[in-house]
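Here is a short briefing on one protein chain. Look at the sequence and the model, then read on.

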Amino acid sequence: MIYTVECSFSDPKSEAEWNHFYSLEKLPALISVTGFHTSQRFKAVSDGCPVYLAIHTIEGLDILTEEEYRQKGGGNFARWQQYITDWHRNLYSAVGLAPAVGADELLVLCANGPEPLTQLGLIPLAMHALALEKFPERRWLAKIPRQNAPLATRLPQGVYIYSPMTEQLTSSASAPTKQTK
């Protein structure tokens, strides 16, 4: 399942400190939670969407209600809470892990169907909301090489581009295991 957290931040004076905390402390804490498999943060390149996006691959909704999640990463940025706006959380069904987006790539996200992404020559990953806000109900995401990305001013309506702020973190529990015969 893919767990998304989106928000904007309204205090330019503390935004760098918040980003430092989120990227360098919160993400590593989250990836250490049992049931978290991948975590990566993004910043919007296009307008009309929340500025920040975190995408995690998790085992299920119950992970987000357990004590380990609360202790290691759930909501531990209270001193910045007053500046967090346009906050949305969703849990989506998806096959496999969230794609890792490299420094030379961008993430493209759309809630208007897969067609805008396929028209860009991309192979979209379909996601259907199962829990939390459940809005948008359906989303598609894909990776695009940075040099092939359309200008943000030329994007179809409802298509948003995000640049990775961090590498994708992967839990050691997500590493493939060798099978012996």
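This is a predicted model: local features need pLDDT of at least 70, side-chain atom pairs count only at pLDDT 80 or more; totals for chains, interfaces and linings use all residues.

Residues are numbered from 1 along each chain as its sequence is written, and side-chain values use heavy atoms, with hydrogens and water left out.

**Aromatic rings**

- A pair of aromatic rings is described by the distance of the centres and the angle of the planes.
- Rings of Phe, Tyr and Trp (its six-membered ring) pair if their centres lie within 6.5 Å; planes under 30 degrees apart count as stacked, over 60 as edge-to-face and the rest as tilted.
- Searching the whole structure turns up six aromatic pairs.
- Phe9 and Trp18 form a stacked pair, because their ring centres are 4.6 Å apart and their planes lie at 15°.
- Phe9 is buried at a relative accessible area of 9%. (Buried means under 20% relative accessible area, exposed over 50%, and partly exposed in between, with a 1.4 Å probe and protein chains only.)
- Trp18 is buried too, at 0% relative accessibility.
- Phe21 and Trp80 make a tilted pair, since their centres are 5.1 Å apart and their planes are at 35°.
- That pair links distant parts of the chain, with Phe21 and Trp80 59 residues apart.
- Phe21 sits in helix α1 (residues 12–31), while Trp80 sits in the loop between α2 (67–72) and β4 (84–93). (Helices, H or I with at least four residues, and strands, E with at least two, are DSSP runs numbered from the N terminus.)
- Both Phe21 and Trp80 are buried.
- Which residues do ring pairs link into a cluster? They are Phe9, Trp18, Tyr22, Tyr52 and Tyr83.

**Charges over Tyr22**

- A charge sits over a ring if NZ of Lys or CZ of Arg is within 6 Å of the ring centre and within 35 degrees of the ring normal.
- Lys26 places its charged end over the ring of Tyr22, 5.8 Å from the centre.
- Arg41 also lies over the face of Tyr22, at 4.2 Å from the ring centre.

**Asn19**

- Asn19 belongs to helix α1.
- Asn19 is buried, with a relative accessibility of 13%.
- The side chains of Asn19 and Tyr52 are joined by a polar contact of 2.9 Å. (A polar contact is a pair of N or O atoms within 3.5 Å; within protein, one must be able to donate a hydrogen and the other to accept it, and residues adjacent in sequence count only if both atoms are side-chain atoms.)
- Leaving aside residues up to four places away in sequence, Asn19 touches Arg41, Tyr52 and Met165. (Contact means heavy atoms within 4.5 Å.)

**Strand pairing**

- Two strands pair if DSSP finds at least two bridges between them.
- Strand β1 (residues 2–9) pairs with β4 in the antiparallel sense, over seven bridges.
- Ile2 has Tyr92 in β4 as its bridge partner.
- β4 also pairs with strand β6 (residues 125–132), again antiparallel, over four bridges.
- Here Asn90 stands opposite Leu132 in β6.

**Cysteines**

- How many disulfides are there? The count is zero. (A disulfide is a pair of cysteine sulfur atoms within 2.5 Å.)
- Cys7 is in no disulfide, and the nearest cysteine sulfur, in Cys49, is 12 Å away.
- That distance is too far for a bond.
- Cys7 is buried at 5% relative accessible area, and Cys49 is buried at 14%.

**Backbone and loops**

- The peptide bond from Phe135 to Pro136 is cis, with omega near -5°.
- Pro136 is placed in the loop between β6 and β7 (138–145).
- Lys134 is in the loop between β6 and β7. Its phi is near 60°, a positive value in a residue other than glycine.
- Lys134 is partly exposed, at 47% relative accessible area.
- Asp86, in strand β4, has a phi near 50°, a positive value in a residue other than glycine.
- Asp86 is partly exposed, at 41% relative accessibility.
- Asp62 lies in the loop between β3 (52–58) and α2. Asp62 is partly exposed, at 46% relative accessibility.
- Asp62 and Gly35 are 27 residues apart in sequence and 9.3 Å apart in space, C-alpha to C-alpha.
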